[in-house]
Amino acid sequence: MAELFINEENELGKIEPEVYGHFSEHLGRCIYEGIYVGENSDIPNENGMRTDVVGALKELQVPVLRWPGGCFADEYHWKDGIGEKSGRKKMINTHWGGVVEDNSFGTHEYMELCRQIGCKTYINGNLGSGTVQEMSEWVEYMTFNGVSPMADLRAANGHKEPWTVDFFGVGNENWGCGGNMTPEYYANEYRRYQTYVRNYDKNKSIKKVCCGANVDDYYWTEGVLKTAFDHGKKFHGFMDYLSLHYYVHPEGWKRKGSATVFSDKVWYKTLYKALCMDKLITRHGAIMDKYDPGKKIGMCVDEWGAWYTNEPGTNPGFLYQQNTVRDALIAGITLNIFNKHCDRVKIAALAQMVNVLQAVLLTEGADMVKTPTYHVMHMYRYHQGAKLLESAVTGAGETGTKKWNVPKITESVSKDEDGIITITLNNLSAEASEDMNIKLAGTGYKVTEAKIVTNSDIRAYNTFEAPEEVTERDFKDYTESIDNISVKLPSNSVTMLRIKK
Ligand code: AHR
């Protein structure tokens, strides 16, 4: 019998809503078809954005959306994506599938999408192949309120009012697709480019994201921070976040592995790799602590998720993959880790939002289906903006194989403004349920809502024909007494309980 101890008297920090953010790149069918179908499409849309997709994203309470890349960002020239659509440049998307990019989705369309979803904006600038002037003018175009060449151009293109840019990434993966730079070279470029990411509105400062490491590249983190903060550079207004990218590839970067056909052993191997996020945050965080002991710079895990071999018969450059119960667990595990590191992790973005990698939504023509990952993020939405509570599990032990052994249960617990406590629990075992007693410091707690995402088959997934194979269902397997809540967590499940006195 396992026990979950919660000390609701001990609040450990705020879980920033932006930790539940998303990422949309000009890649495959993420933006085009998945989100934007154009104003003249037969698919129901508002100003070109699919109404089904926007509706589902609103239910998810998406807090922030990163755009336009990814690798695409460091080849994106924003002026190609403004003005009359018929006059916009056509180009080849060299990174992703070699298809024609007609630039019909640009800055105005992205801002319209964020308006419809009701989320914050996170623009990723081009440092790899763009100029300082180009980056500086983009910021002026989006945010300057007054007379200036770029503000005038924006008005001429139909948007007199400036927009709000909440977050701005100064390059993406500049150790790789963003220019193959050394950490020192990039950090010097970061210093220069970020200077011209101006805050035109003193009441709304743009938060700057510096390009961080890939996976366990601690050399990058150390080199970037050392160079960026050379000569006693202060971080205030200079660097607000340092990013981290980490994808789970069950069979490694080259082979990756199928999204739907996998053994129990690979199930555990995948979850073991998902759990590595904890170590990565801890170790990169320790380097950040050296330069920023007050934790003023947030970690921004702006690309995370599972990356499998693309679905058979699809363009390999489109990164289209299915999403099973295994992905539900990856999401549950990762979000619990982020919650527990809320002192450092301040933004994150699941890669990617629609039709690419560990997407929350898949589309085909006019059809749309919610993936298991969608349902987990929906259950976890209650953690957004809540206070992390001290909690720990005992007695659940480990599961998995000798090499890929994992804790059987992972959890995180938070309390919202109304005093409602949200508990999210993952059972990583592919075969065994777990009985658990939940103990709090106080007594008299009652369950107000309980949901679960699971399926008897760990490989189950949703299709357009059967969209509810893996969905959010009411969780009923609990009993309450004055000082205890007992639950039975099925194998391979993600469970959410809301409790209140
Ligand atoms: O999300 C797909 C790609 O993965 C992004 O374009 C890039 O930043 C990362 O390597």
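Visitor: What is the distance from an oxygen atom of the ligand to an N or O atom in the side chain of Glu303?
Guide: This is a predicted model, so the distance is computed from predicted positions. A polar contact is a pair of N or O atoms within 3.5 Å. The pair formed by the ligand oxygen and the Glu303 side chain lies at 2.7 Å.

Visitor: How much of the ligand does the protein bury?
Guide: Taken alone, the ligand exposes 280 Å². Of that area, the protein buries 93%.

Visitor: Which residues are closest to the ligand?
Guide: The ligand is surrounded by 13 residues. By class, this shell holds seven nonpolar, three polar and three charged residues. The closest are Glu25, Cys71, Glu173, Tyr247 and Glu303.

Visitor: How far from an oxygen atom of the ligand is a polar side-chain atom of Tyr247?
Guide: Asn172 also has a polar side-chain atom by a ligand oxygen, at 3.2 Å. For Tyr247, the distance from a polar side-chain atom to an oxygen atom of the ligand is 2.7 Å.

Visitor: How far apart are the end C-alpha atoms of helix H3?
Guide: Helix H3 covers residues 132–143, which is 12 residues. At 1.5 Å a residue, H3 should span 16 Å. The distance in the model agrees with that: the end C-alpha atoms are 17 Å apart.

Visitor: Is H3 largely enclosed or open, and how many of its residues are buried?
Guide: The buried residues of H3 include Val132, Trp138 and Thr143. Among the elements that cover them are strand E5 (64–67), helix H2 (107–117) and helix H5 (183–195). H3 is largely enclosed by the rest of the structure, because the number of its 12 residues that are buried is 11.

Visitor: What is omega for the peptide bond from Gly69 to Gly70?
Guide: Most peptide bonds are trans. The bond from Gly69 to Gly70 is cis, and Gly70 sits in the loop between E5 and strand E6 (91–92). Its omega is near 15°.

Visitor: Where is Gln352, which a cis peptide bond joins to Ala351?
Guide: The bond between Ala351 and Gln352 has an omega of about -15°. Gln352 itself is in the loop between strand E13 (345–351) and strand E14 (361–364).

Visitor: Is Asn103 buried or exposed?
Guide: Most residues other than glycine have a negative phi. Asn103 has a positive phi, near 60°, and is found in the loop between strand E7 (100–101) and H2. Buried means under 20% relative accessible area. Asn103 has 0% relative accessibility, so it counts as buried.

Visitor: Is Asn180 buried or exposed?
Guide: Asn180 is not a glycine, yet has a positive phi of about 50°. The residue lies in the loop between E9 and H5. Its relative accessibility is 63%, so Asn180 counts as exposed.

Visitor: Which residue's side chain has a polar contact of 3.4 Å with the side chain of His375?
Guide: His375 is in helix H10 (residues 372–380) and is buried, with a relative accessible area of 7%. Leaving aside neighbours within four places in sequence, His375 is in contact with residues including Lys370, Val453 and Asn462. The side chain that makes the polar contact of 3.4 Å belongs to Thr471.

Visitor: How far apart in space are Ala430 and Thr221?
Guide: Ala430 is found in the loop between strand E20 (421–427) and strand E21 (434–440). With a relative accessible area of 15%, Ala430 is buried. Ala430 and Thr221 are 209 residues apart in sequence, and their C-alpha to C-alpha distance is 36 Å.

Visitor: Which residues does Thr270 touch, not counting those up to four places away in sequence?
Guide: Thr270 is found in helix H8 (residues 264–291). At 0% relative accessibility, Thr270 counts as buried. The residues Thr270 touches, beyond four places in sequence, are Val248, Pro250, Tyr308, Arg326 and Ile330.

Visitor: Which residues does Ile92 touch, not counting those up to four places away in sequence?
Guide: Ile92 lies in strand E6 and, at 45% relative accessibility, counts as partly exposed. Leaving out residues up to four places away in sequence, Ile92 touches Gly98, Val99 and Val100.

Conventions
Residues are numbered from 1 along each chain as its sequence is written. This is a predicted model: local features need pLDDT of at least 70, side-chain atom pairs count only at pLDDT 80 or more; totals for chains, interfaces and linings use all residues. Side-chain values use heavy atoms; hydrogens and water are left out. A residue is near a molecule or strand if one of its heavy atoms lies within 4 Å of it. A polar contact is a pair of N or O atoms within 3.5 Å; within protein, one must be able to donate a hydrogen and the other to accept it, and residues adjacent in sequence count only if both atoms are side-chain atoms. Accessible areas come from the Shrake-Rupley method with a 1.4 Å probe; for residues, only the protein chains shown count as cover. Ala, Val, Leu, Ile, Met, Phe, Trp, Tyr, Cys and Pro count as nonpolar, Asp, Glu, Lys and Arg as charged, and the others, Gly among them, as polar. Helices (H or I, at least four residues) and strands (E, at least two) are DSSP runs, numbered from the N terminus. The expected span of a helix is 1.5 Å times one less than its number of residues. Buried means under 20% relative accessible area, exposed over 50%, partly exposed in between (1.4 Å probe, protein chains only). Contact means heavy atoms within 4.5 Å.
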